[in-house]
Amino acid sequence: MKNSEEYIPALKYNFLTPLYDFLLRWTLRESTFKSALVRQANIREQHQILDIGCGTGTLTLLTKQMHPQSQIFGIDGDSTILEIAKRKSMSTNIQFDRGMCYALPYSDNSFDRAISSLLFHHLTTDNKKKTLKEIFRILKPGGEVHIADWGKAQDPIMRTAFLLIQMLDGFKTTTDNVKGQLLCFLSEADFQEVKEVKKYRTVYGTLSLYKGVKT
């Protein structure tokens, strides 16, 4: 399941995984941008939602709390981080699955919404494109994808701040984000109404919210 050349844990190194929630909560305005992402997704009752690269399940659980009548799934390739997600969500009926984002184990036209937070900057260009194609496949017609990830910096200060992320996660996977390529990749995957909905200034650089619709 894991390919060491392609899979990057949440903080690059497995021994840092237990610190992930703490660091995001206190350094990245996590509750602000994740709540905004869920609101942006315009989720309705009985929608089926897939959180791709769900990590410790913070976004997955938040989505369930905000939309308790929806059916929520989370998927991640890291068994260790999925155990954290399951413990955090024990009182819910969220389903967590192990799998890679560029080979999703779901049928065509299965989900109304796909959401993702801080996954794409871990992927190579090829796997970013494969993942978006997979998301397009598993979404129902009229379904939407909503992504929170690093985007093109608004100014030199934000560009300099992002160097820390690049040094941690690698320049190979993060350069697409710096160049603002996620919008292009969404369009190439046949999504419509593609746009960058919002930008946030953070201590690590510019974080952007993106949207695409499967028509």
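**Ground rules**

I number residues from 1 along each chain as its sequence is written. Because the model is predicted, local features need pLDDT of at least 70 and side-chain atom pairs count only at pLDDT 80 or more, while totals for chains, interfaces and linings use all residues, and side-chain values use heavy atoms, with hydrogens and water left out.

**Entry 1: the sheet**

I took helices (H or I, at least four residues) and strands (E, at least two) as DSSP runs, numbered from the N terminus. I called two strands paired if DSSP finds at least two bridges between them.

I looked up the strand order first. Seven strands make an open sheet, running E3-E2-E1-E4-E5-E7-E6, with mixed pairing. Strand E3 (95-98) and strand E6 (192-202) are at the edges; each has a single partner strand, so one side of each has no neighbour in the sheet. From one strand to the next the twist averages 15°. For angles I used axes that are lines fitted to C-alpha atoms, for helices over the stretch in contact, and the angles run from 0 to 180 degrees between N-to-C directions.

I then went through two strand pairs. E4 (residues 111-117) and E5 (residues 139-150) are parallel, with six bridges. Ile 115 has His 146 in E5 as its bridge partner.

**Entry 2: helices on the sheet**

I counted a contact when heavy atoms lie within 4.5 Å. Helix H2 (residues 30-40) packs on the sheet and touches E4, E5, E6 and strand E7 (205-213). The direction of H2 makes about 15° with that of E7. Helix H5 (residues 125-138) also packs on the sheet, where it touches strand E1 (48-52), E4 and E5. Between the directions of H5 and E5 I noted an angle of about 145°.

**Entry 3: the hairpin**

Which sense does the pairing of E6 and E7 take? It is antiparallel, over eight bridges. The two strands form a hairpin with two residues between them. Lys 199 has Ser 208 in E7 as its bridge partner.

**Entry 4: His 47**

I found His 47 in the loop between H2 and E1. For accessibility I used a 1.4 Å probe and protein chains only: buried is under 20% relative accessible area, exposed is over 50%, and partly exposed is in between. His 47 has a relative accessible area of 12%, so it is buried. Leaving out residues up to four places away in sequence, His 47 touches Asn 42, Ser 70, Gln 71, Asp 112 and Arg 113. I also noted that a polar atom of the His 47 side chain lies 3.0 Å from the backbone nitrogen of Arg 44.

**Entry 5: helix H8**

Which residues of helix H8 (residues 171-178) are buried? Thr 173, Thr 174, Asp 176, Asn 177 and Val 178 are. Their cover includes H5, E5, helix H6 (156-161), helix H7 (163-169) and helix H9 (182-188). Just after H8, Gly 180 has a positive phi of about 70°.

**Entry 6: salt bridges**

My criterion was a side-chain nitrogen of Lys or Arg within 4 Å of a carboxyl oxygen of Asp or Glu. How many salt bridges does the structure hold? The count is 12.

I wrote out three of them. Arg 137 and Asp 108 meet at 2.8 Å, N to O. This pair links distant parts of the chain, 29 residues apart, with Arg 137 in helix H5 and Asp 108 in the loop between E3 and E4. Arg 137 is partly exposed at 23%, and Asp 108 is partly exposed at 47%.

Arg 137 also forms a salt bridge with Glu 134, at 2.9 Å, N to O. Both residues lie in H5, three residues apart, about one turn of the helix. An α-helix has 3.6 residues a turn, so residues three or four places apart point the same way. Glu 134 is buried, with a relative accessible area of 15%.

Glu 196 is partly exposed at 29%, as is Lys 199 at 32%. Salt bridges with shared partners join Asp 108, Glu 134 and Arg 137 into one network.

**Entry 7: cysteines**

I searched the whole structure for disulfides and found zero, taking a disulfide as a pair of cysteine sulfur atoms within 2.5 Å. Cys 54 is buried at 7%, and Cys 101 is buried at 8%.

Methods: Polar contact = N/O pair within 3.5 Å; in protein donor to acceptor, adjacent residues only side chain to side chain.
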